[in-house]
Amino acid sequence: MGSRELEERVINLKGIGEKTAKLFEKCGVYTCGDLIRYYPRTYDIYGNIVNACDMKPGEVNACKLTIIGSIVKRRVRNLSIIAFEAADQTARVKMTYFNAPYLASVLKPGTSHVFRGTVQKKGNFLAMDQPKMYKLDEYMSLVGQMQPRYPLVKGLTNNIVIKAMHEAFKSTGKFEEYLPEDIIKSHNLISYSEATVGIHFPSNEKALEKARRRLAYDEFLLFVLKLRLLKKSQEIIKNVYPMIDVADTKRLLEKLPYKLTNAQMSAWEDIKSDLSGETVMNRLIQGDVGSGKTIISLLALLTAAANGYQGALMAPTEVLAAQHYESFMDIINKYGLKALKPVLLTGALSAKEKKEAQRKISEGEVNCIIGTNALIQEKVNYKNLALVVTDEQHRFGVRQRESLAGKGDKVHVLLMSATPIPRTLAIILYGDLHISIVNEMPGGRKPIKNCVVGTDYRPTAYKFIKSQVEAGHQAYVICPMIEEGELDNVENVTDYTEKLRAALPSGIRVDMLHGKMKPLEKDKIMDAFARKDIDVLVSTTVIEVGINVPNATVMMIENAERFGLSQLHQLRGRVGRGDAQSYCIFLNTSDSKEARERLDIMNKSNDGFKIAEEDLRQRGPGDLFGVRQSGDLNFRVGDIYHDSDLVKESAMDADRILAKDPDLEMTQHSVLKELLRTKSANSVDFATL
Ligand code: ADP
Ligand code: MG
């Protein structure tokens, strides 16, 4: 494969100037390789012509219609409007064009055209705004073709991306095949080269599915191989830090104001038996948001401390790390846990504070180190690290986990995640990793009250948010996009924040949070929200990670139909964490029946595992692109639910390959090996695994 060409910057492609290159950078596209992996959000399919009465509101339809009645031209301020009606034998459709005076000569009563556009229902009428017009034979020649539609930012048009993509393929040429031939044959896969082009420019839906399958297979295979190679050494590792059950944990459990749920208890029993067992612990705790995983990690860390070892708790963000530290300190002070001596170690500390923390760690003055990546990236020498816990484990790269484990000598590893991956899939993905499932919610919680509403409910929702804020609570509003993009009627955080500031009384403090902000900036905002210096936080889905602000009681999700159900569930999990009644408002902006049915599941159930199952059952292949994402374990192309057969096959293949060639030394595996070593050379986004 032309790896040098892939590293070429997009600005060197024909037709791309500095301005366009900057726009691409906004989308995270710097090199040709980035561009080729910038997959379409969806595809425009030129569908068959339908009868007007069969057109579906909310969807794009093509219809052959005859213009009836007269053509009305109006001006509203500086907008010129052309309106008329068109019909076939089955129904009439109201058409509106804006600022298109050139159409006046084409649009003649009695003439027929194919109109293609998004269908709306306005009162009792079907309507189309700005539909594209075609001659019948012109349209017929397009039927079945697919046009990629890319995620865009303001200024970057779909056509620019398409042109750039063609140029990129011209400069990179054909890609070399790296999968062994028997694998390609046995799963009936298409070549890597064909798939790479096919995902952008499929000739039809079948071809697209073939391209998608091939790329999904590659992602899974590389992922499983990577995991297997990482863990290979661990399987045989003896427990060199055996621990005994200590009195401190029993005492704490007696003093806590609540009893552990049965599920928490059994996870805790699993951990105890791992820590005292023959081999090193390698366990995943999977429990829905709010199921109480933090206390389990505290018990494990307390056990390590009381046995004379150090333990570390790693969180994906500064805010989450600080939150854990504070809740640990709270419990320590309240229940007199002298054995546990925590220290907070994050990038936000001053150089002096960091040095002091590092001294305490290396001299063994502290035995519970809570922090972010800083924990592994900076020069920390542990005195006797024996246990590493990662919270929200899916947020960490495989590599980060590996290097933290490498800090200690064969340490026990406990991973915690809220991702409800079906057990069978989890075992395939993680191999012999042991799993404890916490599938029970602590009692006494008030279930979140849900509602699914349309856009006309917005004023009511704002009033409700206002009243909750006035009662001393806080609210989240989620939008799918960061800034204005190519999609109509999709809310973005930047504009929405302004809109909400204008709609709410000036005393209510509205601020925003999104993934393009610098990490420290993000943490500052989250911190301000946790300290109640912000009342309403407008955010993208970055808010998903286990943040715990029990004072927040409202979660409002704009364009809720654009999110996966599991993701909606994670978002909703940000409220309902305190004593007060909490609410979740799903704002549905789509007319489609399917969207309504999907959101109804959220309305009826607060159970993450059930929702994940339903999500899987309902999602069709068409939903696999776009603002989909099941929330976690996001592969670029593959979907662990939809492609569960591929996950299984790739896992078996990975095991077969490694059985024959444990270190991938054979020549036919050399490219695979290289791909596993370099992150950028393949389409696996390890950062999210
Ligand atoms: P998550 O699993 O999402 O990390 P947390 O550990 O943050 O959940 O727990 C959420 C809240 O539930 C915390 O305030 C915690 O103190 C409380 N909690 C945990 N276990 C129980 C229990 N068995 N009974 C009642 N409350 C509990
Ligand atoms: Mg948590």
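Which residues are the closest around ligand 1? I began there. I kept in mind that this is a predicted model.

**Ligand 1**

I found 15 residues surrounding ligand 1. The closest are Gln 264, Gly 290, Lys 293, Thr 294 and Arg 445. I then sorted the shell by class. It holds 4 nonpolar, 6 polar and 5 charged residues.

Next I looked up polar contacts. Lys 293 places a polar side-chain atom 2.8 Å from an oxygen atom of ligand 1. For Gln 264, a polar side-chain atom is 2.9 Å from a nitrogen atom of the ligand. Ser 291 takes part through its backbone: a polar atom there is 3.4 Å from an oxygen atom of ligand 1. I also checked cover. On its own, ligand 1 has 570 Å² of accessible area, and the protein covers 79% of that.

**Whole chain**

I turned to the protein chain. It has 689 residues, and 53% of them are buried. I noted 24 helices and 21 strands. The accessible surface is about 31,200 Å², with 51% belonging to carbon and sulfur atoms. Of the contacts between residues at least 6 apart in sequence, 73% join residues at least 24 apart.

**Helix H19**

How far apart are the end C-alpha atoms of H19? I get 16 Å for this helix, residues 519-530. Its 12 residues should span 16 Å at 1.5 Å a residue, so the value agrees.

I listed the buried residues of H19: Asp 523, Ile 525, Met 526, Ala 528 and Phe 529. What do they pack against? One partner is a helix, H12 (318-335). The others are strands: E17 (474-478), E18 (510-513), E19 (536-539) and E20 (552-557). Just after H19, I logged a positive phi of about 70° at Lys 532.

**Cys 368**

I looked up Cys 368 in strand E12, residues 368-371.

**Asp 274**

Asp 274 sits in helix H10, residues 262-275. Why does Asp 274 count as buried? Its relative accessibility is 13%, and the cut-off for buried is under 20%. I noted its contacts, again without residues up to four places away in sequence. Asp 274 touches Asn 239, Thr 279, Met 281, Arg 283 and His 412.

**Two asparagines with positive phi**

Phi of Asn 188 is near 60°, positive in a residue other than glycine. Asn 188 is in the loop between helix H6 (181-186) and helix H7 (192-200). With a relative accessible area of 67%, Asn 188 is exposed.

Where is Asn 559 found? I placed Asn 559 in the loop between E20 and helix H20 (565-572). Its phi is about 50°, again positive in a residue that is not a glycine. At 0% relative accessibility, Asn 559 counts as buried, whereas Asn 188 is exposed.

Key:
Residues are numbered from 1 along each chain as its sequence is written. Chains are lettered from A and ligands numbered from 1 in the order in which they are written. This is a predicted model: local features need pLDDT of at least 70, side-chain atom pairs count only at pLDDT 80 or more; totals for chains, interfaces and linings use all residues. Side-chain values use heavy atoms; hydrogens and water are left out. A residue is near a molecule or strand if one of its heavy atoms lies within 4 Å of it. A polar contact is a pair of N or O atoms within 3.5 Å; within protein, one must be able to donate a hydrogen and the other to accept it, and residues adjacent in sequence count only if both atoms are side-chain atoms. Accessible areas come from the Shrake-Rupley method with a 1.4 Å probe; for residues, only the protein chains shown count as cover. Ala, Val, Leu, Ile, Met, Phe, Trp, Tyr, Cys and Pro count as nonpolar, Asp, Glu, Lys and Arg as charged, and the others, Gly among them, as polar. Helices (H or I, at least four residues) and strands (E, at least two) are DSSP runs, numbered from the N terminus. Buried means under 20% relative accessible area, exposed over 50%, partly exposed in between (1.4 Å probe, protein chains only). Contact means heavy atoms within 4.5 Å. The expected span of a helix is 1.5 Å times one less than its number of residues.
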